[in-house]
Amino acid sequence: MTIPKRLLAGITATLVLGTTLLAGCGSAASTANAKQVLKMTLLAEPQALDSSIANAAVSFNILSQVEEGLYRLDKDGKPVPAMAAGMPEITNDGKTYTIKLRDGVTWSDGSPVTAKDFVYAWKRTLDPNTKADYNFMVAWLKGGEAYMTGKGSADQVEVKAIDDKTLTFTLENPIPFMTAQLSFPVFFPEKQEFVEKYGDKYAADADKMIFNGPFTLSKWDHEQSLTLVKNDKYWDKSNVKLNEVDVQIASDNNTLANLYQSGAIDVARITRDQVDQWKSKPDYTVSPQLYMTYVEMNEDNPALKNEKVRQALAMAIDRSSFVDVVFHDGSKSPTGFVPSGTMDGNNKEFRADAGDVLPKYDAAQAKALLAEGLKEAGLTAFPNLKFTGDDTEDGKKALEFIQGQWKQNLGIDVTVEAIPHKLRIDRGQKHQFDLLLFNWGADYNDAMTFLDCYESTSPFNEGKFNDPEYDQLIQKAKAESDGTKRAQYLVDAEKILASKMPTAPVNFRAYSYLVKPNAKNILFFPYGSEWDLKGAYMQ
C-alpha cells in the first residue's frame, strides 16, 4: 500500500487518444494513419519521470512507454519477458529469483542494459535520501526494509548481478505475484552514470532522460505537451507500429465526448452524463478497475468504536442505487472489501473464493442495530459527526447521497464537509476525521493490496481498526508459501472485516470508454499503468 495511490485514487488522469484528424477532414485521417501518428491528451502534468520517484498514474503511463522492466503485461494482464530472456527461475520456497537478460538489449544511446542497472535502480529507490514513495515495494527484498528505514545498509539488500546478463534477488517472504510486479515502473533499470551526471535534474526534462522502452521522449514542454517517438534501439522495434505519439496536457474533461463524436479523437473516457447516450453503440466499452470507494469510520469516536453502530451505517446505504446515481459508468455494487477481478495469489479470483460477504441493504435492521449499538456505547443519541470527502463533482454527489440515506433510513444527521483532495488525504493520514469517504486503487493484482490496510500497525489503517485475530491472519498470509493456504487466510481475514465492519464499501469502480474502430490494440489495464501503446497502431 502506498500514500501516493491514495493521493491519486479518484483523480487518475484520463487519457484520450486520437489521430491527427481535424474534425470532418477524411484526408487528414488517411495521412495520419499512414504516418502512424497517435494524438492523446492527459488531464495532468506527469509529476515525475524518474522511475524511482514517480508516484502517479500519468507518470506510470508515460514511463511504461519509454522505459521497460524485466517483464511487460500482455493483453490479459499476464507477465511476458521484456528485458528478461525468459521467465524467472524461482527457488528457496518461492523467495529467490534468478533472471537472465536477453541478448541485444540497449539504452537509447546504444550502451547495453545490464543486470547492474537493475541492482543500482532498486537500491537507489530504497536509499532513504531518495525519498521514493514506492520504495515499500522494493523493500520486499530481504534487507530492503532495514535499508529503507535507515536500520541497515545497501550491501545488506539481497539483490546482485552475477554477471552482466544474470540478476538474482531474494525476498523476505514469498510473493506469488512478484513476476508480474516486475513490470511496474519502480522495478525498471537505471543507468548509474547517466543518473549521477544530472543529479537532482535527472529525468526533469526530455534531454535528461535515457530510454530502453518502445518509445523515447523527444520533447517535454512542461504543463503543455510531450512527444514520444519510436525507439530505434529497442529490442522489439519491429513490433512497434506507431512512429509518434503526441501528448497534449489538458484539464478540461467535459469536451471529450464532443471531440470523439466530431472525429477529432479516437478514444475517450466518458462520465455518467454521456454513458446513456453511448452505451447501446458498438463504440462503448467498460473496463473494470481494481479500485473501490468506501466510508472510513474513526474508532477514536465512542459511537464508531461500537461495531453495531458501524454495521448499521453500512447496512443503511443502498449500494446499488449509489453506484447508479453517483457514477453510472459501469461501476458495480460491492460484494466485499476486495474488488472483483483481484487475484488471490493461487491463480484464482479472490471474489470467487470469498463470495458476497457484505450485509444486505436493510433499513429496518440497520435502525435496530443503531439503537442497540448506541445503548452499548452508553449514548442516548447519535452524535453530531462530520462526513468528509473530496470537493469534486463525484465526491460531492457521493457525500450527499450517503448523507441522505442515513437521514432517511436511520433518522440521523451528519454534516457533510467537501474539501480539496490533498487536504482530505492529509486529514485521513492524521486521523482527523469522523467519517471519511475514501478511494483506494490497487498497487498490484492481489487481495493483499486491499486487506493489509486493516492491520493494526498499518500506516493506512486510518480508522484505527484493531483486531489481533485479523493481524495474525494477515501475517500468516504474508509468510505462507502454499498458495491454497495463503488464499484461505485472506478469505478468513475478509470475513472478520465483514463482521466488524471497520469501513463500509460502497463501490467497485469501472471506467467507460469510447473506442473508434481504427484505433487498434491499445491495452487498458485495471491497475498500475492505465494503458500500453507498444502494440498499438492506426488502421
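**Entry 1: H12 and H15.** I listed the contact first, taking contact as heavy atoms within 4.5 Å. On the H12 side I found Lys308, Val309, Gln311, Ala312 and Met315, and they meet Gln365, Ala366, Leu369, Leu370, Glu372, Gly373, Leu374 and Glu376 of H15. The residues of this contact of H12 with H15 divide into seven nonpolar, three polar and three charged. For these classes, Ala, Val, Leu, Ile, Met, Phe, Trp, Tyr, Cys and Pro are nonpolar, Asp, Glu, Lys and Arg are charged, and the others, Gly among them, are polar.

The model is predicted: local features need pLDDT of at least 70, side-chain atom pairs count only at pLDDT 80 or more, and totals for chains, interfaces and linings use all residues. Residues are numbered from 1 along each chain as its sequence is written, and side-chain values use heavy atoms, with hydrogens and water left out. Helices (H or I, at least four residues) and strands (E, at least two) are DSSP runs, numbered from the N terminus.

Next I looked up the geometry. Two packed helices are described by the angle between their axes and the distance between the axes. H12 (residues 307-315) and H15 (residues 363-376) pack at about 155°, and their axes are 7 Å apart. That makes H12 roughly antiparallel to H15. Angles under 35 degrees count as roughly parallel, over 145 as roughly antiparallel, 65 to 115 as roughly perpendicular and the rest as oblique. The axes are lines fitted to C-alpha atoms, for helices over the stretch in contact, and angles run from 0 to 180 degrees between N-to-C directions. I noted the crossing of H12 past H15 as left-handed. Left-handed means that the near helix is turned anticlockwise from the far one by less than a right angle, and right-handed that it is turned clockwise.

**Entry 2: H13 and H16.** H13 (residues 319-327) packs on H16 (residues 393-410) at about 145°, with the axes 9 Å apart. This crossing of H13 and H16 is right-handed. H13 contributes Ser321, Phe322, Val325, Val326 and Phe327 to the contact, and H16 contributes Asp394, Lys397, Ala398, Phe401 and Ile402. I have seven nonpolar, one polar and two charged residues for the contact of H13 with H16.

Entry 3: Two strands pair if DSSP finds at least two bridges between them. S2 (residues 37-42) runs parallel to S11 (residues 244-249), joined by six bridges; Thr41 has Gln248 of S11 as its bridge partner. S10 (residues 225-230) pairs with S11 in the antiparallel sense over five bridges, and Thr227 stands opposite Asp246 there. S9 (residues 215-221) pairs with S10 over six bridges, again in the antiparallel sense. Thr227 of S10 is the bridge partner of Lys219.

**Entry 4: the four-strand sheet.** I read the order of this open sheet as S5-S6-S8-S7, with antiparallel pairing. S5 (89-91) and S7 (159-163) stand at the edges with a single partner strand each, so one side of each has no neighbour in the sheet. Neighbouring strands are turned by 20° against each other on average, direction ignored. Four bridges join S7 to S8 (residues 166-170), and Asp163 has Thr166 as its partner. H4 (residues 115-126) packs on the sheet and touches S7 and S8; its direction makes about 165° with that of S7.

**Entry 5: positive phi.** Most residues other than glycine have a negative phi. Where did I find exceptions? Glu223, in the three residues between S9 and S10, has a positive phi near 65°. His328, at about 50°, is in the loop between H13 and H14 (350-354). Asn521, near 60°, is in the loop between S18 (519-520) and S19 (523-524).

**Entry 6: confidence.** pLDDT is the predictor's confidence in each residue, from 0 to 100. Its mean for the protein is 90, and 93% of residues reach 70 or more. Residues 1-28 stay under 50, and the model has 113 contacts for them beyond four places in sequence.
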